[in-house]
Each structure stands twice: as C-alpha cells, then as structure tokens.
Amino acid sequence: MKRFLAPLLSTLVFALALPAQAQLLPNAGAGAPVSSNTLDRIVAVVNEDVVLQSELDNAVRSVQQQYASQPGQLPPLNVLQQQVLDRLILMKLQLQKADDQGVHVSDAQVDQAVAQVAQQNKMSPDQLRSEVEHTGQDFGSFRQQLADQLTVQQLHQSVVHDSVSVTDSEIDNLLNSPTYKAGEIHLAHIQISIPSGADAAAIQAAAAKAEQALDAIKGGIDFHAAAIRYSDAPDALDGGDLGWRRMDEIPPAFADTVANMKSGDVSSALRGPTGFHIIKLVGQREPSKQIVTEYHARQILLKPSELMTADQVEQKAQELYDQIANKHADFAKLAKDNSKDDTTANVGGDMGWFAQQAWGAAVAQQLSQLKDNEVSKPFQAGDGNWDILQLLGTRQSDLTSQMARDQARQAIGNRKAEQAYEDFLRDLRANAYIQVLVPELRDDTNTPAGAGKTS
C-alpha cells in the first residue's frame, strides 16, 4: 500500500543491492532452477496454479539477503515464510485475474522497463543483464518479474479507471472542511487484517495481535522491525513505510488521530474497515507557497500535409521569419493567415499565460533563451512541425490555491482508488480457492483481508 497505490515499478529502484531487491518482487524466484538433489514440492494451491517450495525458498532468501546487515529486524523464519508466501499467492491471484480480463504486456513494454531499471541504477541494459546473471539469477526470470509487475499495474489501472471520479464539489468540501490541513506528513503503519465475514473469534484474535505489536513497540522494538514482524500489509517487508503524503490524503478514519500526533508518536490500534492499524508519524513539514514563472507568448506553427512536404514547411517557416525580422511584418496577422495550430491561429497565435513546460520541451527551451518581444528563429517542434515563437512577457504567479485544488483532486482520487483496489483484492481472495499444503505455513491470524477459501 505504498503511497497506498503507488506505481508498482517503484519497487524496482534498487542500487547495489539490485539482485536481492529484485527478488523481493512478489514473483521472485519463479523459474529459478531447482537443485537436482532437491525434490521440489507444492506448498500452496492457488485456484489452478501452484506455489512451489523453490519459489518460496528463493523469495525468502532474497528478503534475508536484503536484511543481511540487520537480521534482527526480521521475524522468526516461519513468520517470514508465511508473509512471503502470502505475497506470492496475492501476485498469482492478480496475474490470473489479469489473464482472464485479457490484460497483457508486450515485449516492447518489458524492454522499456528493463531500460528504466538500468537507467535508475546508472547502468546500461547490458550491464544490468550482466549484474543479474552474475548473482546466478536467470535474466529471463528477471524479465518475467518485470512483466508480472507491469501486468499487475495495468490490472490496477483497469480496476480503478471506471470506479474513481472526483467532482468539484468534493474538492470544495475537502478544502473547506474544518479537518483539512495543508502540509505533508511521513507515515509508517502496521496492518492486522480481518478476513471478510470474520466471526467474533477472528476479530478478537486480530485485536490481540495488534496489542502484541504495540507491546513490542513499547518494549523497545523498532517500528520498522515491528512492521516486518507483525504487519500483513503488502508493504510489511518494507517496514510499513507509506512515505510522504499530503494531510488530505489520510483516510478519514485516521485523519483526526494523525492530526493530533507529533513526530515520532505511535497511535493505539485503530479499527478500520479492513482490520486494525497502528500508525507512526515519522515526520511532518509545512506547505510552501507555489510561486512559478509564467510566460505570455504567441506562435506560428506550420505542419507538413499532402500539399506541403517537410522541406517546404521548413522553407515556409524561414520565409515568415524573414518577413517578421527584416520587413517588420505583423506577427499576429501572419499567425492568423498561416499558423496551423487550431487553438491559437484565430487569435493571432496568442498562447496566453502558461507555465514553461506547458507547450512541450522544444517551446520551453526557446522561452529560456528569449527576451521580451524577441522572436525566435524557426525551430523544430516534433512530428515534422516547425514553429516560430515570440515572447511577449513573463510574470511571477502565486499558484498555491490552484495547486491546492489540483492536489486535493489527486488526494481524493488516490483515496478512492486505494479503497477500490483494496475491495477488489478482498473479493479476489474471498472467491479464490487457496490451499496451503504445509501446516506450519498456515496462520489464520496473519491472513490478509478476504482470505478466500483457504485450507
């Protein structure tokens, strides 16, 4: 639940610990070869799919490698195995649903993801491949992990796309709410889920586990380590870190509690729709005014067509520029007569006031080089287009209010998306056939919400 529903590829930003972190992906270890001296076995059945012991062992090993310098933060091995197994199960359920809905990713998308991971780690794709293979991991399996992450990301987008909308009245209500507070806070959490349709005994067991986690924290255990040990949220193995978020992104059920906390405070066990939550306020920061430079400009945009080749477009742009620069022709009239931009041609090419990047990188670069009333030389604006730009002026604008509305819209949307996907996952598990075949890997008190038909 990082940033509650942050893009899943964010989990792929890993520096020198790349192989261990890569194997932390829910599908970690899938496809890894099994020793000829080891008899692999099925540890769980997930609908028509299975989780193999080799998958579980490799995924657990990767977590242990990640925390090699801090092994004390990991829970006992059986608890760690249960947590990792649950990740594997949840990933398989999502991939099955994606396949049912025809959600797939192309080789080109995976290639792009590989390039992105390589760039984030300051490597070339070939260097990334060598680094992965140097650790003994098959690069094909690594690519498959990326493909699975991309598939789940697309599944998430398809689930929330039609179910999440934000109205202006909702934004107004949020900004005018007495509980609304600007600024950002850094949170971490521990989640003890209650299965869908749980009876009183299951609720009591979850409450007891939450109190056990609180007692451990009061006893001196680091919150990060407590999250790894007790939380059953998807981000448990990341220490429950939710990162920085705006105050208005906090679920309403917890907003009042968080508003009264100070940095370093840990809440009591809070009952929410899906279980019990323990929240730590890691830090907070005040909002700053959003002052930006805005530009007022006009343009003459020329595009290739059936009647004009790319070379002719370039020549025409040069001719128009010469008329403006040498003959002092009226820029607005030339724009109205020649520009092919439907939004500005009829108003003499006037683009209004806008932020530097609003019209793309090519225009932004020209703006940074122009003085007031200066006209740019013709420049390429992409897709064979040529543009001539005149800077009319600049101003400093306080966009704090507008950005507050934009952020409120995003916060409401994120909150709705979070709830929508959480409900989706609960239903997915509730209607799935999940059978854990190894008795010591079963733990009803550590089963995420919507545990499905698990046995």
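Reply: Start with the ground rules. This is a predicted model, where local features need pLDDT of at least 70, side-chain atom pairs count only at pLDDT 80 or more, and totals for chains, interfaces and linings use all residues. Numbering runs from 1 along each chain as its sequence is written, and side-chain values use heavy atoms, with hydrogens and water left out.

The whole structure holds 12 salt bridges (a side-chain nitrogen of Lys or Arg within 4 Å of a carboxyl oxygen of Asp or Glu).

One of them pairs K92 with E55, at 3.4 Å from N to O. K92 sits in helix α3 (residues 77–100) and E55 in helix α2 (residues 53–66), so the contact ties together parts 37 residues apart in sequence. Helices here are DSSP runs of H or I, at least four residues; strands are runs of E, at least two; both are numbered from the N terminus. K92 is buried, at 10% relative accessible area. E55 is buried too, at 7%. Buried means under 20% relative accessible area, exposed over 50%, and partly exposed in between (1.4 Å probe, protein chains only).

Next, R285 and E184. Their closest N and O atoms are 2.7 Å apart. R285 belongs to strand β6 (residues 275–285) and E184 to strand β3 (residues 184–193), distant parts of the chain 101 residues apart. R285 is partly exposed at 39%. E184 is partly exposed at 25%.

Last, E133 bridges to R129 at 3.2 Å. Both lie in helix α5 (residues 125–134), four residues apart, or about one helical turn. E133 is partly exposed at 39%, and R129 is partly exposed at 39%.
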